[in-house]
Amino acid sequence: NLFAHASAATRHLRSLGYPAPQYLIVDQIDCASCALIELLPGQPGSDITTGMLQKLISLNKLQRGASSETSHHWVRDIAGTILIGGNGYCVVEILKGYSPETNHLLTRLQAIADEDRRSAGTFYDIVHFDFNPANILSENDRVTGIIDWEGTRTGDASFDLAILLFYVWDEPGQRDLLVQAIVERSGPELLRLYLAHVMLRQVDWSIRFHDDKTIERYVGRALQILEDIERLN
């Protein structure tokens with residue numbers, strides 16, 4: 001039950017001072033899972049300011065070692081979403097068939113996954129797994145909550161920062177803060193792998209659900225990120 005898993009993760013994070021919502025009721029009705037979730041203050045999707053970003057990096061540290069589970073195959077599984085695809089996301093066939101440009105993008109992303117999937121590690125962190133600005137609540141330049149925990153799993157919390165990094169890449173100061181935080185914790189190889197996942201995930205999603213302008217924006221951003229991260233080698 002995704003809601004039950006999210007409830008357990010957020011309950012522990014709240015005990016550490018993390019602004020996650022409380023899952024007030026988690027139930028099963030017929031074949032459907034349902035939950036009543038606390039409404040937190042603030043609005044989603046605001047521009048991430050430097051002050052907010054510093055707070056988000058601090059919150060990410062609370063996720064470290066916070067899982068009651070252990071993940072020995074985290075890196076292999078993330079690489080698999082790029083090489084094979086995910087369940088309803090990271091659909092590789094979409095990039096293959098959309099255009100020569102997205103097919104080329106997929107080839108480059110899969111080359112990163114094939115190279116960096118050998119990175120070893122055992123992870124004990126709570127990972128949100130969709131840590132994008134739409135799931136970050138804020139009010140007056142203050143982070144008031146992180147929502148939508150139904151995808152949470154055990155892995156490397158730096159993955160969440162890499163998701164956020166994709167969306168602030170065009171802001172050099174914020175980009176550099178996040179790159180530094182991720183590399184210091186997880187190294188440049190996992191930074192590249194995580195970004196490859198996010199690039200595939202967002203471009204696939206945009207092709208299926210967004211307009212041409214949005215697709216063009218995210219394909220362009222992905223290609224720019226690929227050029228920039230080559231300098232991390």
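Predicted model: local features only at pLDDT ≥ 70, side-chain atom pairs only at ≥ 80, totals over all residues.

Modeller: The angle between α6 (158-168) and α8 (188-209) is about 55 degrees, and their axes are 9 Å apart. The crossing of α6 past α8 is right-handed. On the α6 side, the contact is made by Ser158, Phe159, Ala162, Ile163, Leu165, Phe166 and Tyr167. On the α8 side, the residues are Leu191, Tyr194, Leu195, His197, Val198, Met199, Arg201 and Gln202. By class, this contact of α6 with α8 has 11 nonpolar, 3 polar and 1 charged residues.

The next partner of α8 is α9. These two helices pack at about 165 degrees, and the distance between their axes is 9 Å. That makes α8 roughly antiparallel to α9, since the angle is over 145 degrees. Here α8 passes α9 in a left-handed crossing. From α8, the contact takes in Arg192, Leu195, Met199, Gln202, Val203, Ser206 and Ile207. From α9, it takes in Thr214, Ile215, Tyr218, Val219, Ala222, Ile225, Leu226 and Ile229. The contact of α8 with α9 divides into 11 nonpolar, 3 polar and 1 charged residues.

Then there is α5, which spans residues 100-116. Its angle with α8 is about 150 degrees, with the axes 9 Å apart. α5 and α8 are therefore roughly antiparallel to each other. The crossing of α5 past α8 is left-handed. In α5, the residues that meet α8 are Thr102, Leu105, Leu106, Leu109, Ile112, Ala113 and Asp116. Their counterparts in α8 are Glu189, Arg192, Leu193, Ala196, Met199, Leu200, Val203 and Ile207. In this contact of α5 with α8 there are 11 nonpolar, 1 polar and 3 charged residues.

Some residues of α8 turn up in more than one of these lists. Met199 is in the contact with α6, in the contact with α9 and in the contact with α5. Leu195 and Gln202 take part in the contact with α6 and also in the contact with α9. Arg192, Val203 and Ile207 belong to the contact with α9 and to the contact with α5.

The largest pocket holds about 440 Å³ of space. It is lined by 17 residues, and those closest to its centre are Tyr89, Phe129, Asp130, Arg201 and Trp205. Arg201 is also one of the α8 residues in the contact with α6. Both α6 and α8 supply at least two residues of this lining, and α8 gives the most, with 4 residues. By class, the lining of the largest pocket has 7 nonpolar, 5 polar and 5 charged residues.

The second largest pocket has a volume of about 240 Å³. Of its 15 lining residues, Asp47, Ile48, Pro133, Tyr167 and Val168 are the closest to its centre. Two or more residues of this lining come from α6 and likewise from α9 (212-229). Tyr167 is among the α6 residues in the contact with α8. The lining of the second largest pocket divides into 7 nonpolar, 4 polar and 4 charged residues.

Note on methods. Residues numbered from 1 in each chain as written. Heavy atoms only, no water. 1 Å grid on protein atoms, 1.4 Å probe; cavity = no way out; pocket = protein on both sides within 12 Å on 5 of 7 lines; lining within 4 Å. Points joined across faces, edges and corners; volume = space filled by probe spheres on them. Nonpolar A, V, L, I, M, F, W, Y, C, P; charged D, E, K, R; others polar. Axes fitted to C-alpha atoms, helices over the stretch in contact; angles between N-to-C directions. Left-handed = near helix turned anticlockwise from the far one by under 90°. Contact = heavy atoms within 4.5 Å. Parallel < 35°, antiparallel > 145°, perpendicular 65-115°, else oblique.
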